[in-house]
Amino acid sequence: MRVANTTAPRTIEFVERPLPAVQRGTALVRVEHVTLCGTDFHIWEGEYLNPFPIVQGHEIVGTVASIHSDHPAFQIGSRVAVSPVRTCGKCHACSVGRSNVCRDVSVLGCYEDGAFAEFIAVPISALHSVPDTVPSTLAPLSEPASIALQAVQRGRPQAGELALVIGCGPIGLIATLALREAGVDVVAADTVLSRTDTAREFGAASTVVIDVSAPFPTGSEIASAIGDSERPVTLIIEATGSPAAFIGAVEIAAPTARVVAVGISDREVTIPMRAIPLKELDILGSRNSLNLIDEGLRLIERNPEHFAALVTHRFAFEEIEQALSVMRTDPAAVRKVLISFEGVNVSHGHSG
Ligand SMILES: [Zn+2]
Ligand SMILES: [Zn+2]
């Protein structure tokens with residue numbers, strides 16, 4: 001099988017490898033499509049914690065090519081999304097049902113070989129049936145959808161409350177969509193006007209363009225965006241990893257608010273400690289997802305046109321280097337990049 005091996009920053013070598021062995025409890029999946037996210041770009045740029053060489057690719061859909069199990073849900077040819085998260089099953093987090101933050105958590109395509117390959121062998125437990133109504137070209141987006149849904153669930157959204165979503169990239173957009181479905185009024189913020197415009201299409205009631213050279217908007221400025229400056233902002237999803245955004249989130253959070261940090265950064269933030277006890281804020285981290293790929297597939301099923309609008313670029317497997325490069329050369333225009341293994345000109349209808 002053909003594999004795209006990232007051997008060093010900005011260097012991919014296409015190599016032939018034998019098909020992976022299918023052991024008991026595992027399946028061989030023929031990869032159909034992979035989507036790219038910022039993590040793929042950081043790995044490619046050499047700015048991530050991964051080892052080299054590595055086969056990237058963690059947002060995955062394919063069909064079962066062979067299976068060593070009598071699991072009733074999957075047969076040869078079944079369309080499946082693949083969860084890339086691997087956990088130990090033994091540590092404290094795993095034992096309390098929070099394996100998404102397993103001590104030894106690994107992610108295919110980030111810390112071990114993933115799906116920039118014609119085939120990938122995975123445990124049956126990583127397979128998720130793709131509903132017939134979800135096209136294969138959208139199904140890999142169930143992985144980033146699961147990340148956004150984890151952040152939303154961590155925030156315990158209440159119908160009728162006002163939320164601020166900071167960052168209108170794919171995670172912020174999908175979180176906005178899910179919050180809207182939960183009956184939450186969302187103000188979406190970003191530094192780029194065109195990205196906030198997209199957030200309106202994903203259900204944001206209003207938007208705010210952040211000027212990085214000015215102070216972060218106040219809570220009443222955020223609430224004014226939907227016409228009621230008195231309305232408390234009680235849920236904030238920080239999906240940028242920007243220290244200024246996190247500090248702003250803690251400042252504008254109303255008493256009782258939940259602040260969910262899903263954007264990841266090594267940069268430091270300084271906040272007045274008093275903000276947390278005085279307003280009884282819940283500061284919540286969100287990482288990976290706790291078994292939310294199926295939920296992500298159902299979100300796509302309900303909102304296919306939104307997910308189709310996320311895919312801005314499409315390349316063939318052989319063009320992976322070009323696909324990663326476009327994330328550097330044209331970042332403002334890139335939402336999701338789709339890599340197709342059977343050529344970009346072939347139409348991939350959904351099967352079944
Ligand atoms: Zn991703
Ligand atoms: Zn564990």
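Predicted model: local features only at pLDDT ≥ 70, side-chain atom pairs only at ≥ 80, totals over all residues.
Which residues does Ala27 touch, not counting residues up to four places away in sequence? Ala27 is found in strand E3. With a relative accessibility of 0%, Ala27 counts as buried, because buried means under 20% relative accessible area. The residues that Ala27 touches are Val22, Ser66, Ile67, Ile120, Ala121, Val122, Ile124 and Leu127, once residues up to four places away in sequence are set aside. Arg86 gives a further point of reference: Ala27 and Arg86 are separated by 59 residues in sequence and by 15 Å in space, C-alpha to C-alpha.

Cys37 and Glu59 belong to distant parts of the chain and are 22 residues apart. Cys37 sits in the loop between strand E3 (26-36) and helix H1 (38-45), whereas Glu59 is in strand E4 (residues 59-67). Both Cys37 and Glu59 are buried.

How many disulfides does a search of the whole structure find? The search finds zero disulfides. Cys110 illustrates this result: it is in no disulfide, and the nearest cysteine sulfur, which belongs to Cys37, is 6.8 Å away. That separation does not qualify because a disulfide requires cysteine sulfur atoms within 2.5 Å. Cys110 has a relative accessible area of 3%, so it is buried. Cys91 is likewise buried, with a relative accessible area of 6%.

Attention now turns to the aromatic side chains. A pair of aromatic rings is described by the distance of the centres and the angle of the planes. A search of the whole structure finds three aromatic pairs. In one of them, the ring centres of Phe14 and Phe317 are 5.4 Å apart and the planes stand at 85°, so this pair is edge-to-face. Phe14 counts as partly exposed because its relative accessibility is 27%, whereas Phe317, with a relative accessible area of 2%, is buried.

Phe317 also takes part in an aromatic pair with Phe341. This pair is stacked, with 4.4 Å from centre to centre and 25° between the planes. Here too, distant parts of the chain are linked: Phe317 in the loop between E16 and H11, and Phe341 in the segment after strand E17 (336-340), are 24 residues apart. Phe341 has a relative accessibility of 12% and therefore counts as buried. Together, Phe14, Phe317 and Phe341 form one aromatic cluster.

The last topic is charge. Side chains of opposite charge can pair when their charged atoms come close. The structure holds 12 salt bridges. Among them is the one in which the side chains of Arg302 and Glu181 meet, at 2.7 Å from N to O. Arg302 lies in helix H9 (residues 293-302) and Glu181 in helix H4 (residues 170-181), so the pair ties together parts that are 121 residues apart in sequence. Arg302 is partly exposed, with a relative accessible area of 44%, and Glu181 is partly exposed as well, at 40%.

Another salt bridge joins Glu295 and Arg298, whose side chains meet at 3.0 Å, N to O. These two residues are three residues apart in helix H9, which means that about one helical turn separates them. Glu295 counts as partly exposed at 27% relative accessibility, and Arg298 counts as partly exposed at 39%. Elsewhere, salt bridges that share partners join Arg10, Glu45 and Arg328 into one network.

A further salt bridge is formed by Arg195 with Asp190, the closest N and O atoms being 3.1 Å apart.

Key. Residues numbered from 1 in each chain as written. Chains lettered and ligands numbered in written order. Heavy atoms only, no water. Helix = DSSP H or I, 4+ residues; strand = E, 2+ residues; numbered from the N terminus. Buried < 20%, exposed > 50% of the residue type's maximum accessible area, 1.4 Å probe, protein only. Phe/Tyr/Trp six-rings, centres within 6.5 Å; stacked < 30°, edge-to-face > 60°. Contact = heavy atoms within 4.5 Å. Salt bridge = Lys/Arg side-chain N within 4 Å of Asp/Glu carboxyl O.
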